[in-house]
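Me: I have a model open and want to go through its contacts with you. Can you take my questions as they come?

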Amino acid sequence: MEAARTTNTIEIEGSTTSRPSSLKPKFAPLKAHEIYSGDVQFKTVTVPPHRYTPLKKAWLDIFTPIDEKMHIDIKFNPKTRTVALKTRHDTPEVNNLQKSADFVHAFTLGFDIEDAIILLKADDFYVGYLIVDEVKRLNGEHLSRAISRLSGKGGKTKFSIENATKTRIVIANTNIYILGSYKNIEVAKHALCSLILGSLAAKVYSKLRAVSARLAERL
């Protein structure tokens with residue numbers, strides 16, 4: 001005996017129609033007051049020891065856009081060396097809290113404020129990362145040479161990848177942080193992985209030019 005197919009009754013303009021229950025539901029867009037209820041929310045960002053002094057020097061440049069544009073309270077706790085962020089009554093969107101935390105976190109990773117501030121302005125930018133050991137297990141001089149290839153003489157290789165992919169890159173020992181849009185970060189990661197695996201810089205440049213041209217056409 002054939003099993004009966006489960007259906008739901010949906011009202012459309014006063015009439016009733018049977019539809020399969022497997023259909024995906026359609027939700028109406030949320031309103032602003034439904035997105036953020038107004039409850040106070042908190043986030044903290046840990047400051048590494050080597051970024052403690054730069055944070056103190058650039059504190060005003062960090063504090064001003066978060067306080068005036070994002071309407072988020074921010075303070076630094078010198079005992080725990082963490083930056084605390086909190087929503088307030090005039091915070092327009094709760095997403096501002098996450099954007100502010102990402103901005104501060106990007107600065108603690110080593111990005112300049114002029115670059116990291118894009119995280120406050122754009123929704124499709126974030127910080128990706130790459131670990132040299134996850135690409136290829138290297139030790140001693142082999143690891144040092146691989147990291148040197150990523151930077152190049154006078155930082156030329158790193159700058160070329162940044163300009164071609166419209167990203168910003170911070171190389172911190174075996175950790176590599178990339179600031180940009182999703183597609184551009186993936187292109188930069190591919191170029192960096194090729195260098196770690198031993199590809200010549202000239203070969204990586206030629207591939208980057210071709211990929212950058214395709215990205216520009218899509219935009």
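Me: What share of the contacts between residues at least 6 apart in sequence join residues at least 24 apart?
Reply: In the protein, 56% of them do. Contact here means heavy atoms within 4.5 Å.

Me: Where do these values come from?
Reply: This is a predicted model, in which local features need pLDDT of at least 70 and side-chain atom pairs count only at pLDDT 80 or more, while totals for chains, interfaces and linings use all residues. Residues are numbered from 1 along each chain as its sequence is written, and side-chain values use heavy atoms, with hydrogens and water left out.

Me: How many helices and strands are there?
Reply: The protein has eleven helices and eight strands. Both are DSSP runs numbered from the N terminus: H or I over at least four residues for helices, E over at least two for strands.

Me: And what fraction is buried?
Reply: Of the 219 residues, 34% are buried. Buried means under 20% relative accessible area, exposed means over 50%, and partly exposed is in between, with a 1.4 Å probe and protein chains only.

Me: Salt bridges next. What is the count?
Reply: Seven. The rule asks for a side-chain nitrogen of Lys or Arg within 4 Å of a carboxyl oxygen of Asp or Glu.

Me: Which residue does Asp67 pair with?
Reply: Asp67 pairs with Arg88, and the closest N and O atoms are 2.8 Å apart. The two come from distant parts of the chain, 21 residues apart: Asp67 is in helix α3 (residues 59-68), and Arg88 is in the loop between β5 (82-87) and α4 (95-109).

Me: Is Arg88 buried or exposed?
Reply: Arg88 is buried, because its relative accessible area is 17%. Arg88 also has a salt bridge to Asp90, at 2.7 Å from N to O. Asp90 has 32% relative accessibility, so Asp90 counts as partly exposed.

Me: Which residues make up the network around that?
Reply: Asp67, Asp73, Arg88 and Asp90 are linked by salt bridges into a network.

Me: What about Arg145?
Reply: Arg145 forms a salt bridge with Glu141, with 3.7 Å between the closest N and O atoms. Both residues are in helix α8 (residues 140-151), four residues apart, which is about one turn of the helix. Arg145 is partly exposed at 42% relative accessible area, whereas Glu141 is exposed at 59%.

Me: Back to α3. How do α3 and α4 cross?
Reply: Their axes come within 11 Å and cross at roughly 170 degrees. That makes α3 roughly antiparallel to α4. Axes are lines fitted to C-alpha atoms, for helices over the stretch in contact, and angles between N-to-C directions run from 0 to 180 degrees. Angles under 35 degrees count as roughly parallel, over 145 as roughly antiparallel, 65 to 115 as roughly perpendicular and the rest as oblique.

Me: Which residues meet there?
Reply: On the α3 side they are Ile62, Pro65 and Ile66, and on the α4 side Ser100, Phe103, Val104 and Phe107. The residues of this contact divide into six nonpolar, one polar and no charged. Ala, Val, Leu, Ile, Met, Phe, Trp, Tyr, Cys and Pro count as nonpolar, Asp, Glu, Lys and Arg as charged, and the others, Gly among them, as polar.

Me: How many aromatic pairs are there?
Reply: There are two aromatic pairs. In one, Tyr52 and Phe76 are tilted, at 5.6 Å centre to centre with 40 degrees between the planes. Tyr52 is in helix α2 (residues 52-57) and Phe76 in strand β4 (residues 72-77), so this pair ties together parts 24 residues apart in sequence. Trp59 and Phe76 also pair: their ring centres are 6.4 Å apart and their planes at 55 degrees, so the pair is tilted. Rings of Phe, Tyr and Trp (its six-membered ring) pair if their centres lie within 6.5 Å, and planes under 30 degrees apart count as stacked, over 60 as edge-to-face and the rest as tilted.

Me: Which residues form the aromatic cluster?
Reply: Tyr52, Trp59 and Phe76 form one cluster. Tyr52 is buried at 15% relative accessible area, and Trp59 is partly exposed at 23%.

Me: Last one, where does Cys193 sit?
Reply: Cys193 is in helix α10 (residues 182-196). Not counting residues up to four places away in sequence, Cys193 touches Leu130 and Val135.
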